[in-house]
Amino acid sequence: SMKKFSLLTLGLLALCTISTMAQSYQSKMERYGGLITEGRFLEACQLFTDTDSVSPFIKLHKQILAAIAQNQNRLAISLIDENLRYNWMAYGADVLYLSRELLNLCKAEGMHDKAASHVEWLKREYYLSQKAYYNDAEYNKSVEKLISSGEQRLRERNLLPPVHAIRKGKSQTIKFTAVPLLKTPIKVNDKSLEGLWMTATPYPMIIKHQVAKQLGLVVGADSVAGFPVVYLDSIRIGSILFKNVPALVSKVATPIKGIDKHKLSKKEAKRIKEIYAEANKPKIGLPIIRQLETIAIDWKRQEISFPVDSLPNADVEEKMYFAYVDYPYLFMPITISKKTAIGKISTGDVVYIKMCDKFYKKHQFPSENWNKSMYVTTDGNAVSIPNLILKSPSLTINGRPIDTKEKIDIVPETTTSYDVLLGLTFFQSIGQTIVFDFKQMKIKGWKEGISAK
């Protein structure tokens, strides 16, 4: 019988070997499955040490996670493809899971031919070989189901094809403003607009209906995550061009209802209206940002550049990594009062650091009450919540102490994939210049401008 397992309802373990498994390995496996389900890939990779004797699946899966984390989806594709073709017996029922992961990666990379040849291999070779090898009727059905869902996926149109950067001429420096949100001039279909830089948006671009109308786009029936999708002929950021970019179209949000309901002060109402007016501008998401390769932000000069040459040593640097293939997010570790936290990188949030209450409770950090703060929810309702903040926390990035510039809020949060949200103000506090380097997958900070070294 095949053991049902929590990891994406998939038997992580090869057929029928469970009874002989050591208890500690079994509990580690369950922990591993749990971490993957929660999206905590960094910890999953660190769970088994090199001295642990792990199944071939875990060994391969760790390499796949590491490749995805390092912005190397294509490496992950070839790892799965070669291991399945030449060594499928080593993976037992996990072929089902690895196969689906391969198709997800092929979709993200726009590698339709690779996906098609994999489905062909499943049909022509794997199906017959496994039938002879396992002689298990239930598993047979699972493989048949896998093949038909694979064929179904090949027929579906990819509504979010990958975007690619085309570099034209010398790299340009572009001006930005960061009040309240980080934005730069961009050109969409040759029209000049302002774009917000949102690392926590997992879609290439989000525009409002007004902007779609202004660009003369017809909003059709195609939709992703409940939003209509349109295709922009071109987006230009400095001298970098993107063609045929999928954009989600969303409704304009307004806080008026919340402002009236809570009788906010003029000053508070003005601040919230400003944030809303900003938030209705086109959003540039992570799939575009990651294609820009190296992004240097000089907060003092208000300039963003895309350096091509190698940079001098930074004052502080830490690895950043991706998790999830289809809708990617960006994370980095950070140490708060000696506890390692997974931070979600979110340049589109006008905050310093927000700590998830689950992490706060787990470590029982000292805290104090602060004045109430107003939040406006996406449906325009303003809510006032008593604000709990950490009491004199210390911060380190990769062993380097960082000044704590602002209060660290504790917020109710159901997400499991991160412990703290790192917002725009946090990245402004690291140094005068910071670099997001998607080639080395590092975040780097300089106290002064890079050229000052």
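The legends below describe close-up views of a predicted model.

**View 1. Helix H3, its extent and its burial.** Helix H3 covers residues 56-69, and its 14 residues should span 20 Å at 1.5 Å a residue, which agrees with end C-alpha atoms that are 20 Å apart. The helix is mostly covered, since 10 of its 14 residues are buried. After the helix comes Asn 71, for which phi is positive, near 65°.

**View 2. Helix H3 against helix H5.** Helix H5 is formed by residues 94-109, and it packs on H3 at an angle of about 15°, the two axes lying 12 Å apart. With an angle under 35 degrees, H3 and H5 are therefore roughly parallel to each other, and their crossing is left-handed. On the H3 side the contact is made by Phe 57, Leu 60, His 61, Ile 64 and Ile 68, which meet Asp 94, Tyr 97, Leu 98, Glu 101 and Leu 105 of H5. Sorted by class, this contact of H3 with H5 comprises 7 nonpolar, 1 polar and 2 charged residues. An α-helix has 3.6 residues a turn, so residues three or four places apart point the same way.

**View 3. Helix H3 against helix H4.** Here H3 packs with helix H4, residues 73-87, at an angle of about 160° and with an axis separation of 7 Å. Because angles over 145 degrees count as roughly antiparallel, H3 and H4 are assigned to that arrangement, and the crossing of H3 and H4 is again described as left-handed. Leu 60, Gln 63, Ile 64, Ala 67 and Ile 68 of H3 meet a set of H4 residues made up of Asn 73, Leu 75, Ala 76, Leu 79, Ile 80 and Asn 83. In the contact of H3 with H4 there are 8 nonpolar and 3 polar residues, and no charged residues.

**View 4. Helix H4 against helix H6.** Helix H6 consists of residues 112-134, and its axis comes within 12 Å of the axis of H4, the two crossing at roughly 20°. H4 and H6 are therefore roughly parallel to each other, and H4 passes H6 in a left-handed crossing. From H4, the residues Ile 77, Asp 81, Leu 84 and Arg 85 meet Lys 114, Ser 117, His 118 and Trp 121 of H6. The classes represented in the contact of H4 with H6 are 3 nonpolar, 2 polar and 3 charged residues.

**View 5. Helix H10.** The buried residues of H10 are Ala 269, Ile 272, Tyr 276 and Glu 278.

**View 6. The surroundings of Ser 417.** Ser 417 is found in the loop that lies between strand E21 (408-411) and strand E22 (420-422), and at 7% relative accessibility it counts as buried. When its neighbours within four places in sequence are left aside, Ser 417 is in contact with Glu 38, Gly 39, Arg 40, Tyr 324, Phe 331 and Ile 342. Ser 417 and Trp 197, by contrast, are 220 residues apart in sequence and 22 Å apart in space, C-alpha to C-alpha.

Note on methods. Residues are numbered from 1 along each chain as its sequence is written. This is a predicted model: local features need pLDDT of at least 70, side-chain atom pairs count only at pLDDT 80 or more; totals for chains, interfaces and linings use all residues. Side-chain values use heavy atoms; hydrogens and water are left out. Axes are lines fitted to C-alpha atoms, for helices over the stretch in contact, and angles run from 0 to 180 degrees between N-to-C directions. Helices (H or I, at least four residues) and strands (E, at least two) are DSSP runs, numbered from the N terminus. Angles under 35 degrees count as roughly parallel, over 145 as roughly antiparallel, 65 to 115 as roughly perpendicular and the rest as oblique. A crossing is left-handed if the near helix is turned anticlockwise from the far one by less than a right angle, and right-handed if clockwise. Contact means heavy atoms within 4.5 Å. Ala, Val, Leu, Ile, Met, Phe, Trp, Tyr, Cys and Pro count as nonpolar, Asp, Glu, Lys and Arg as charged, and the others, Gly among them, as polar. Buried means under 20% relative accessible area, exposed over 50%, partly exposed in between (1.4 Å probe, protein chains only). The expected span of a helix is 1.5 Å times one less than its number of residues.
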